[in-house]
Amino acid sequence: MSPTITAFRNSPDRGRGLARDMRVRWALEEVGQPYEVRLVSFDEMKDAAHRAVHPFGQIPTYEDGDLALFESGAIVLHIAERHAGLLPDDAGARARAISWMFAALSTLEPPILDLTIARLVEHDKPWAEARLPLVEDRIRGRLGELADRLGDGEWLDGAFSAGDLMMISVLFRLSPSGLLDDYPSLAAYVARGEARPAYKRAFDAQLAVFKAASGG
Ligand code: GTB
């Protein structure tokens with residue numbers, strides 16, 4: 001049996017691959033694991049049945065036999081641990097790749113999410129204009145540090161890993177902002193991720209959902 005993941009029935013990102021099912025799809029494509037997708041509406045996400053799997057009523061989830069997981073990081077780590085291709089065999093390199101996954105989720109993603117909230121949710125607040133540059137500066141600080149570490153490397157630590165998959169997925173969320181343009185090595189790093197055949201398959205699959213939902 002293939003695992004089943006959940007994704008938006010009508011993604012507000014209009015198929016741009018910004019929702020967090022994208023990283024799970026990408027991981028499954030990288031390891032060659034076929035999967036099913038259960039599309040859920042915003043209402044269905046808040047149903048008791050969905051909350052039994054995802055306590056916060058969100059996507060993505062992952063179900064495989066008796067196992068039900070939520071949190072994109074935990075799901076990608078689970079996939080990476082059970083299949084070859086996303087974590088190195090060497091114990092130290094494996095632990096470092098997992099560190100990069102955590103860095104993506106807990107050091108880079110929070111300020112990037114703050115920017116989305118500042119632009120989409122808080123834009124009409126009286127303090128929004130003053131806050132936006134502070135949020136952007138926090139992101140720039142992290143991008144500068146990340147660019148320093150990446151240097152002229154292809155990936156963050158040797159071969160492509162789940163750490164890169166998660167970091168690129170998080171950085172990709174900056175695409176609409178143009179902030180990555182000031183960091184050409186990071187923009188190129190994200191582009192290398194997007195060029196991977198597994199990324200393209202995952203992207204096309206989530207885009208097909210949007211196209212079907214919008215009748216196109
Ligand atoms: N920490 C969790 C994880 O990593 O899995 C966060 C999960 C999460 O935020 N899920 C969002 C969700 O279900 C979808 S991805 N939201 C519905 C809800 O909370 O009711 C976040 C997202 C949403 C929309 C866009 N967009 O339109 O561009 C991008 C990302």
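A polar contact is a pair of N or O atoms within 3.5 Å; within protein, one must be able to donate a hydrogen and the other to accept it, and residues adjacent in sequence count only if both atoms are side-chain atoms.

## Ligand site

A polar side-chain atom of Glu 71 sits 2.7 Å from a nitrogen atom of the ligand. Arg 20 also reaches the ligand: an N or O atom in its side chain is 2.7 Å from a ligand oxygen. Asp 13 uses its backbone instead, with a polar backbone atom 3.1 Å from an oxygen atom of the ligand.

In total, 15 residues surround the ligand. The closest are Arg 20, Lys 46, Ile 59, Glu 71 and Ser 72. A residue counts here if one of its heavy atoms lies within 4 Å of the molecule.

## About the model

This is a predicted model, in which local features need pLDDT of at least 70 and side-chain atom pairs count only at pLDDT 80 or more, while totals for chains, interfaces and linings use all residues. Residues are numbered from 1 along each chain as its sequence is written, and side-chain values use heavy atoms, with hydrogens and water left out.

## Two domains

The protein chain is assigned two domains: domain 1 (4-85 + 198-209) and domain 2 (91-196). These bounds come from an automatic or database domain assignment. The C-alpha centres of the two domains lie 21 Å apart.

How many residues of domain 1 are in contact with domain 2? The count is 18, and they meet 20 residues of domain 2. Contact means heavy atoms within 4.5 Å.

## The domain interface

Domain 1 and domain 2 bury about 1,600 Å² between them, 63% of it on carbon and sulfur atoms. Buried area is the accessible area (1.4 Å probe) that two parts lose on being put together, summed over both. Arg 23, Trp 26 and Tyr 199 supply 35% of the area that domain 1 buries against domain 2, more than any other three residues.

The interface holds 3 salt bridges. A salt bridge is a side-chain nitrogen of Lys or Arg within 4 Å of a carboxyl oxygen of Asp or Glu. Between the domains, 5 residue pairs are in polar contact, both residues at pLDDT 80 or more. On the side of domain 1 that touches domain 2, the elements giving two or more residues are α1 (21-31), α4 (72-82) and α9 (197-213). Helix α4 gives the most, with 6 residues. Helices (H or I, at least four residues) and strands (E, at least two) are DSSP runs, numbered from the N terminus.

## Salt bridges

## Backbone details

Where does Pro 60 lie? Pro 60 is in the loop between α3 (48-51) and β3 (61-64). The peptide bond from Ile 59 to Pro 60 is cis, with omega near 0°.

Arg 14 is in the loop between β1 (4-8) and α1. Phi of Arg 14 is near 55°, a positive value in a residue other than glycine.
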